[in-house]
Amino acid sequence: MTWEPEIAHLHEREALARRLGGTDKVARQKAAGKLTVRERIERLLDPGSFHEVGAIAGKAHYDEAGELRDFMPSNFVMGRGRIDSRPVVVGGDDFTVRGGAMDASIGSKQLHAEQMANELRLPLLRLIDGTGGGGSVRTLETDQRTYVPYNQGWDLVVDNLAKVPVVGLGLGAVAGLGSTRLVSTHYSLMVRNISQMFIAGPPLVARTGETVTKEELGGSDMCARVGAIDDVVESEDEAFARARCFLSYLPSSVYDLPPRTAPTDDPNRRDEWLINAIPRDRRQVYDMRKIVRTLVDKNSFFEMARKYGGAVITGLCRLDGWPVALIASDPYLYGGGWTADASLKLTRFIDFAHTFHLPVVNLVDVPGFVIGKQSELDATIRHGSRALAALYQVNLPWCAVLVRRAFGVAGAAHINHTRLRYRYAWPSGDWGSLPVEGGIEAAYRAELAAAKDPAALRDEIERRLNPYRSPFRSAEAFLVEDIIDPRETRPLLCEFANLAAPLRTPGVVAPAYRP
Amino acid sequence: MERRVHAEISGVLIEIKAKPGDSVDADDPVLLVECMKMHIPIVSPVAGRIRSIEVAEGAMLEEGQLVFTIEA
């Protein structure tokens, strides 16, 4: 029993660390409706799977005899654990110690968590509840000097984006470096009401003459709407559940492949209502999400960033058990036309799918870029061109289903046309460089100007041209490869997922993912 | 409780489908907007009674504009 006293002392120190910032501060955390960092980690991981690293790091005070008198743990708790039995790295800010500010942490602990994920090739979850990085101006007084700022560990943060799944959970008011850590992820969440995110909080902003509350400045719904984070949830438990679910579609690192789960749904299931899913009236909208949910394995659709760039729906799903990245158009928002933010959302999503070797299914109803003054003001053409570049830079297995419209440059961007056009069209397909409506005015300007009754001539031209829009005319010329019965779509997509599976190639891809 | 509904898209308001005082269900279309050659409904987020319609037929709506209020 030679070392028993030391082990007993170790346990004493661990017990001190478990007090976090002390009873009062923990009570304040609870009163704010927030869990403590240790409760969070416990609820996030498989029960009992957490192995903490660096628990007893912190600031100790000794008496004159050299005996430990008091101890304040570092405000960053981290280690390894498991999610659905797969190992992960987790690190969480402890707001009860100096508001989670970096100056009360031991910086190398955060670095260690990043490095652990990087070198062990494990997913990383950041539980963010801290005020920032450089800390407060108070350090001026303690250090009696300042320093040129640098972003500690950012080489690892960036490298992790290229190598392991990174999830950020905003679980409090988050500012500065904390915000940057929340956003520098593949998937980020905030919990409504308890979490706000900004570059600098209301007191600093007040100095610029702008008086705002935390919610007004960085409320979760606003952050999701502008695309600063991906999604908003109602509770911390929901955040943990979504983080776990997100990871279930992904490999532990890019050196591995997205894992297949035992199929739970019939790959040959045909849903009869799909024959009626698209209204014959071209102006009428329909529920694309309902179509998505029908086509993929039951209950497997995990939508990402629903509040942002809504004309494009993005998410993860399973087809015959295989994880697949799903893109679809939402006709309710700009008819599925690409806005600037939809383009940015799409770019990031394609890069994400590329990073983790996820085959892509694209359900297409794109009338083109959204047109008009606002669209030009938003620089939609630049952001759309960026999405186009992403599409042509990746070499993922890619299957497009032309559900309805594909017009113009954005419509053309449903597939990299230079590769095998693995593509289907529903009989509701309608495509071209410009739609007949609107296109007539441009193409027949002189005739219309000279006509006695321009409206009548316009209608007559439209009547004449409309039959040529039939997808069967395109199919005759093999300009569309395969017109299918919409009810056959799921069996064909499951076939695609099975064909794509052996083509997925593990490894680091270029260009690397940017948040 | 009053809910204020804002346009999620810009476009031309082509039809007002419910008037103040009408009862509607959640997801019932209240307004119809033409955008990208589509007729896109703005639906009620909740069941309730329409309190006010803030826009006129033929108006050009902007994204984020208040379009109607409803008493849930």
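Predicted model: local features only at pLDDT ≥ 70, side-chain atom pairs only at ≥ 80, totals over all residues.
**Notes on the two-chain model**

1. Let's start inside chain A. Strand 6 of chain A is covered on both faces: Leu124(A), Arg126(A) and Ile128(A) are buried on one side, and Leu125(A) and Leu127(A) are buried on the other. Strand 6 of chain A spans residues 124-128, and five of its five residues are buried, so the strand is largely enclosed by the rest of the structure.

2. What are the neighbours of that strand? Strand 5 of chain A, residues 86-93, runs parallel to strand 6 of chain A and is joined to it by four bridges. Within that pairing, Val90(A) stands opposite Leu125(A). Strand 7 of chain A, residues 166-170, also runs parallel to strand 6 of chain A, this time with five bridges. There, Leu127(A) has Leu169(A) as its bridge partner. Both Leu125(A) and Leu127(A) belong to one face of strand 6 of chain A.

3. Helix 1 of chain A covers residues 4-18, which is 15 residues. From first C-alpha to last it reaches 21 Å, close to the 21 Å expected at 1.5 Å a residue. After helix 1 of chain A comes Leu20(A), with a positive phi near 55°. If you are checking backbone torsions, that's a residue to look up.

4. On to the domains. Chain A is divided into domain 1 (4-248) and domain 2 (272-433 + 469-502). Note that the domain 2 assignment comes in two segments. The C-alpha centres of domain 1 and domain 2 of chain A lie 37 Å apart. Their contact draws on 11 residues from domain 1 of chain A and 13 residues from domain 2 of chain A. On the domain 1 side, helix 10 (220-225) and helix 11 (236-248) of chain A each supply at least two of the touching residues. By class, that side of domain 1 of chain A has six nonpolar, two polar and three charged residues.

5. The C-alpha atom of His417(A) is separated by 8.9 Å from that of Tyr392(A), a residue 25 positions away along the chain.

6. Next, chain B. How many helices and strands does chain B have? Zero helices and eight strands, and the pattern along the sequence reads β-β-β-β-β-β-β-β. The radius of gyration of chain B is 11 Å, which agrees with the value near 11 Å that a compact globule of 72 residues would have. Along its principal axes, the C-alpha trace of chain B spans about 30 × 15 × 15 Å. Of the 72 residues of chain B, 26% count as buried. Looking at contacts in chain B between residues at least 6 apart in sequence, 56% join residues at least 24 apart.

7. One sheet in chain B is open, with four strands in the order 5-4-2-7 and antiparallel pairing. Strand 5 (38-43) and strand 7 (60-61) of chain B are at its edges with a single partner strand each, so one side of each has no neighbour in the sheet. Further in, strand 2 (residues 11-16) and strand 4 (residues 29-35) of chain B pair in the antiparallel sense over four bridges. Ile16(B) has Leu31(B), in strand 4 of chain B, as its bridge partner.

8. Another open sheet of four strands in chain B has the order 1-8-6-3, again with antiparallel pairing. Here the edges are strand 1 (2-6) and strand 3 (23-24) of chain B; each has a single partner strand, so one side of each is left without a neighbour in the sheet. Strand 1 of chain B runs antiparallel to strand 8 of chain B, residues 66-71, and five bridges join the two. In this pairing, Val5(B) stands opposite Phe68(B).

9. Last, the interface. Which residue counts describe the contact between the chains? 15 residues of chain A are in contact with nine residues of chain B. On the chain A side, the touching residues divide into eight nonpolar, five polar and two charged.

Methods. Residues numbered from 1 in each chain as written. Chains lettered and ligands numbered in written order. Contact = placed C-beta atoms within 7 Å. Nonpolar A, V, L, I, M, F, W, Y, C, P; charged D, E, K, R; others polar. Expected span 1.5 Å × (residues − 1). Pairing = 2+ DSSP bridges. Domains from an automatic or database assignment. Rg over C-alpha atoms; globule rule 2.2 N^0.38 Å. Buried ≥ 20, exposed ≤ 12 C-beta atoms within 10 Å, placed from the backbone.
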